[in-house]
Amino acid sequence: MRRHSLRTLAGIAAAPLLLALLPAGAPAATTAELTGPGLTGVVPTVTELQFTDGEAFRLTSTTRIMISGTDAPSLNEEAQLLAGELVALDQSRHLGMNRAPEIVVGTGAPRPGDIVLQLGTVPSLTSAEGYKLQVDGAVTITGPSDTGVFYGTRTLLQSLASSGGAQSATVLDEPAKPERSLHVDAARKYYSPSWFEQVIRDMASIKLNQLQYHFSENEGFRLESKTHPEIVSDTFITQAELAELLVLAKQYHVDVVPALDVPGHLNQLLNQYPQFRASSTSEGSKVLDYSNPQARALLFEVIDEFAALFPSSRWHMGGDEIFNVEDPSDAGARFPQLLAYAKAEVGPTANIHDGYIHFLNEVNAHLNALGKSHVRAWNDALYGTGSTVALDPNIDVTYWTKWHPSMPTVETIRARGHKVMNFNDGFFYYVLANPGGAYATPRPASDIYTSWRPGVFPNKDWTVPAAQKAQTYPEPSPDWITGSSFAIWSDAPARQTEEQVTAGIRLPLRAMAERVWNPSGSTASYADWLARVEAIGTQPAAADLSTAPALELTKTATATRAGSSVTGVLEEGDEISWQVLATNTGSTALHATVSDDLSDVLDEVSLTGAPTVAITDADGTVVREPGINVAFKRSGTASGQEVANQWGPALAVDGITSGPSGAQGSRWSSNGADNAWLAVELDEPTMVDHVSIYWEEACAAKYRIDVSVDGLTWVPATSVLSPACGSVDRQSLTVTEPVSFVRMQGLDRTPIGGKKYGMSLWEMQVWTGPERGAITNPALLDEALLTWEGLLEPGHTATLEYRGVVTDAGNGSILNTATLSSPYYPGFSVKASTENVLAVDEPTVEPTVESSDKPTVEPTMLPSDESTDKPTVEPSDKPSETAVASATPSSSMISSTPPAPQTIQAASEGDGLASTGANAGTLFGAALFLMGVGVLFILRRRKASHN
């Protein structure tokens, strides 16, 4: 029950700057300097938001995360995670932090841009998951638990993602329901550990706190068993991989709930133990013969192994779809041994349903003894006709359907004392199904957002009058409704890839998260709410700040003379170029900064042209700058559509690329003709690169892309294509001039079940360049300092190159060093150097004094009172200079990683001066001359100070 009123967000405006409609008398939102909705655009909507007159929050180069010493043990992990997430967000959104935030433990006043995390009581909150967030230059997040503080950081990250900051405000926020879940059928379909990692992070970002992991089914068992490896499918999650996922889930405050269905849905296990099947019929082959003590012992062995792997106190034991409700005959007659078990365990008048409930209670007791105090069961097979045995009331019921009269109502479940979790199959079942199969068309997110609340359960069966069908409890709904769960079921596992599942559940999952956290919070239209979702985007994975980034630096230099490589001494006029290569050898994108001091270079070389930079991928291919989708929300026309007023061409250019969104699903479905077409008119004549079509299951068997400059005359831009239905088809276009129209021209339809329907696609995109590329920042030369900074994707290399012509070949060697750093890793730096010698030897100066016929003039000092002339020194003659140079070519390099590429290097020799044949009468003059030569030599050797 909510104990404080909702004082915020009457709606969100669909505008470039989304603003909350505040209650009368509330202070105006201080959002003028933000670029998006900020705290008003968080998903799910916060329960209370009051704007204040202080300063907005933005990340700065001095941002710190501050926690008190007493709170440090509980909040240090939250601070470490937040630091990595801020770095990742800053790298992707360029929010101005440009470094890893310092984590400060202790006391002290926060500065603008700081983030304070602290534990403490918030009087108006009733949930340990709640928090208070205050913004006034700095952000202070207070929660009664580390989980509450964690959810406060989710709100802050979303505000930063959508707006670059947060308004000056006070937020009070907590969930309406304690259980907010995603169920994943990972038994029929293998989902990789990396997919689960992404899902866990995404769930946490929208404040979901449970992942129900369904690893056993009729068609697969995909979690490693060491006690019974024979029951496991060919592809599976290992126990070591599970352990890593559980660590990540704990970090993100997601409770992983194991789901092992009993006594039904066990066909995969029973394939190895057919003697333990309830019968050999289609119905009984999937059911454990729980009347057999050996079968029960096997089951408990399996449960014991997996119970030890999961720290959660929750466990879902299934209990659904045991006996065929569509078979009117007595189930006891079909399974006589199970009826005998019921009579033996319960009493002589017991029916088969009594024995089944008794068995579930036995499994529950076994799980309770293993520390699983919150056991769950599905609702559909409970409290069957004539059953007198009650299910243990401490078992929570996950209510998913009431499609058959034999299935209990919510009121029946509640009357037996159970807590109920809402798995409403009419809203939350996302099923990988064959076309025409049950749940083949998932419920759109718009319906969940507008029509569902935690108290809305599946309607009663067809035998109930329409006026009595609804099973709905108004908000605030009763506390015995613990929450809700979205559910992925992988009935036809090959129908979608992991990526398609991720895209398909993205919006519906967020709509459920919105309403289970704050059922009445957002009154915005679905379109405006969707704009908020898109403004937030997806939170990138936290950067790992515990280890140095995987960045490598190399540097090379090459020289040419008259088009040939120089292998000896460089001379004036030679051309020389340097290449500095910064490579991301890791698996995540990294921000990198390269600096190169060209002071020595510019003493000897005149640069020709501006320094350049290019980004290449792991194969050495230059990465082009990303293009844009010029078809997005442009005018679309088509040959027709399958149903009038449904699935029109505008839905094929709305940016929604998978799964239904909107009342009819956001896709275009053609009329029933093999030559159906869909065309889009661009905003202006445009050079286009390729087309991406996101096909639905009923795709074209053959098609072609045509282009036009006037919409009348069409030219083929591809050959005839045959796409894979349900996939993305990206096709390069043979376009040599700007076009204004692009058309998908169908040539044949794909039959489904022997029948052809319309061609159907989720989205058609027209791109001006790569869908993912690299925004290449320029290399900047400020006096003698060359710098480049930018984001390097995994495997990408930034190559800086600068060129010049040798202008002075007599000044010795150049020690030229480049440095690579990452601003988010203050302790990280790597250097690479090249020494390039422009002359092997300095000129050897040998002053000589030759005899002459002139008399030797010795300096004479006259007294000052006898003469005003200054003393004069006249050496007998000037020495002659000769320059001698020789070369010893070699190559080496200093690099961060071996082996070192070759570069040009040589050594300087002959640094001394020699004096011969000086006349004794000119000794003083010669000494002064040599002193002058020494000064000149030192000036010419000024470069030594650069090293």
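1. How much space lies in the second largest pocket? About 1100 Å³. This is a predicted model, in which local features need pLDDT of at least 70, side-chain atom pairs count only at pLDDT 80 or more, and totals for chains, interfaces and linings use all residues. Residues are numbered from 1 along each chain as its sequence is written, and side-chain values use heavy atoms, with hydrogens and water left out.

2. The pocket lining. The second largest pocket is lined by 43 residues, and the closest to its centre are Asp 320, Glu 321, Ile 322, Phe 323 and Asp 380. Helices α7 (331-334) and α9 (352-369) and strand β17 (429-431) each give two or more residues to this lining. By class, the lining holds 18 nonpolar, 11 polar and 14 charged residues. Here Ala, Val, Leu, Ile, Met, Phe, Trp, Tyr, Cys and Pro count as nonpolar, Asp, Glu, Lys and Arg as charged, and the others, Gly among them, as polar.

3. On a 1 Å grid over the protein atoms alone, a cavity is a set of points where a 1.4 Å probe fits but cannot get out. A pocket is an open set with protein on both sides within 12 Å along at least five of seven lines, and lining residues have an atom within 4 Å of a point. Points are joined across faces, edges and corners, and a volume is the space filled by probe spheres set on them.

4. The largest cavity. The whole structure has two cavities of 30 Å³ or more. The largest cavity holds about 160 Å³. Its lining has 16 residues, with Gln 158, Ser 205, Ile 536, Gly 537 and Gln 539 nearest the centre. Elements giving two or more residues to it are α1 (72-93), α2 (146-163), α3 (193-205) and α14 (526-536). Helix α2 gives the most, with four residues. The lining of the largest cavity splits into seven nonpolar, five polar and four charged residues.

5. The second largest cavity. Its volume is about 60 Å³. Phe 196, Ile 200, Leu 211, Tyr 213, Leu 242, Leu 245 and Val 256 line it. Two or more of these residues come from each of α3, β9 (210-214) and α4 (239-251). The lining of the second largest cavity has seven nonpolar residues, no polar and no charged.

6. Cores. The largest nonpolar core has 183 residues, and Leu 117, Leu 182 and Tyr 213 have the most contacts inside it. Such a core is a set of buried Ala, Val, Leu, Ile, Met, Phe, Trp, Tyr and Cys residues joined through side-chain atoms within 4.5 Å. A second, separate core of 29 residues includes Ile 693, Ile 705, Val 739 and Val 742. Buried means under 20% relative accessible area, exposed over 50%, and partly exposed in between (1.4 Å probe, protein chains only).

7. Sheets. Strand β30 (690-695) is joined to β33 by five bridges, and Val 691 stands opposite Gln 731 in β33. Another open sheet has five strands in the order β27-β29-β34-β31-β32, also antiparallel. The edges there are β27 (635-638) and β32 (715-716). Strand β31 (700-708) pairs with β32 over two bridges, and Val 707 has Val 715 as its bridge partner. Strands pair if DSSP finds at least two bridges between them. Helices (H or I, at least four residues) and strands (E, at least two) are DSSP runs, numbered from the N terminus.

8. Backbone checks. Most residues other than glycine have a negative phi, and most peptide bonds are trans. A cis peptide bond joins Val 43 and Pro 44, with omega about 0°. Pro 44 is in the segment before β1 (48-51). The bond from Glu 475 to Pro 476 is cis, with omega near 0°. Tyr 439 has a positive phi, near 60°, and is partly exposed at 31% relative accessibility. Ala 562 also has a positive phi, about 55°. Ala 562 lies in the loop between β21 (551-561) and β22 (564-565) and counts as exposed at 83%.
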